Amino acid sequence: MGASQTHSEHKYQDLVGKSGFSVEQIENLQKRFQQLSGNEETISRENLNSIPALANNPIKKQIIEAFFDKRNQHENEMGSFEEIGFEQFIMVMSHFRPPTLKTTEEEKQAMRKEKLRFLFNMHDTDSDGTITLEEYRKAPDDVYEGITFEHFEQILKGLEMESRMHIRFLDVDTITMHCGKSTT
């Protein structure tokens with residue numbers, strides 16, 4: 001078992017550094033990726049569209065599109081992928097990584113900004129750096145051109161999201177994504 005563990009650690013070391021996940025978490029996500037893809041090398045929108053936990057989610061389309069949005073790969077690219085591989089899946093899932101007891105205040109602030117950027121990107125569908133009224137689909141009291149990331153960040157200033165926007169690693173079959181109040 002020791003040799004197998006060393007092989008896994010070596011195999012996933014690059015992803016551990018890029019994503020902040022542990023080797024065990026990456027192994028669990030690998031199993032989930034294989035389930036979703038039907039043991040294929042890539043996942044399509046249709047694969048994610050079939051997740052029962054997303055069936056009644058009001059922002060299902062935005063969540064699915066977030067997986068294919070190049071801006072969510074930590075590389076500031078624009079556009080979207082038709083399909084994503086395991087590493088791209090991991091990079092999107094890393095936005096849902098909860099802080100640990102060892103996470104410093106500075107790291108928590110960086111995680112918060114990363115999570116806010118992810119949420120902002122979900123609503124800034126044309127990637128122009130502004131959420132327009134059409135994109136946001138809500139009529140605010142004030143009339144303005146749209147919401148910039150800085151304004152979005154200010155609006156959500158008091159919301160503690162570092163531990164609320166996360167995934168659970170209990171069982172591969174029950175991995176859930178939360179964006180808001182915890183259901184546990």
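**A guided tour by selection**

Begin by selecting Asp69 and Arg71, which form a salt bridge with the closest N and O atoms 2.6 Å apart; the term denotes a side-chain nitrogen of Lys or Arg within 4 Å of a carboxyl oxygen of Asp or Glu. The model is predicted, so local features need pLDDT of at least 70 and side-chain atom pairs count only at pLDDT 80 or more, whereas totals for chains, interfaces and linings use all residues. Residues are numbered from 1 along each chain as its sequence is written, and side-chain values use heavy atoms, with hydrogens and water left out.

Asp69 is buried at 10% relative accessibility, and Arg71 is buried at 12%. Here buried means under 20% relative accessible area, exposed over 50%, and partly exposed in between (1.4 Å probe, protein chains only).

Next, select Glu65 and Arg45, whose side chains meet in a salt bridge of 2.8 Å, N to O. Glu65 lies in helix α4 (residues 60-68) and Arg45 in helix α3 (residues 45-49), so the pair ties together parts 20 residues apart in sequence. Helices are DSSP runs of H or I with at least four residues, strands are runs of E with at least two, and both are numbered from the N terminus. Glu65 is partly exposed at 32%, while Arg45 is buried at 18%.

Move on to Glu87 and Lys18, a salt bridge with the closest N and O atoms 2.4 Å apart. This pair links distant parts of the chain, with Glu87 in helix α5 (residues 86-93) and Lys18 in helix α1 (residues 2-19), 69 residues apart. Glu87 is partly exposed at 36%, and Lys18 is partly exposed at 38%. The structure holds six salt bridges.

Now select helix α6 (residues 105-123), which has 19 residues. Its first and last C-alpha atoms are 27 Å apart, close to the 27 Å expected at 1.5 Å a residue; the expected span is 1.5 Å times one less than the number of residues. Among the buried residues of α6 are Met111, Leu116, Phe118 and Phe120.

Finally, select Thr132, in the loop between β3 (130-131) and α7 (133-136). Thr132 is buried at 18% relative accessibility. Which C-alpha separation is found between Thr132 and Gly146? The two C-alpha atoms are separated by 4.3 Å, although the residues are 14 residues apart along the chain.
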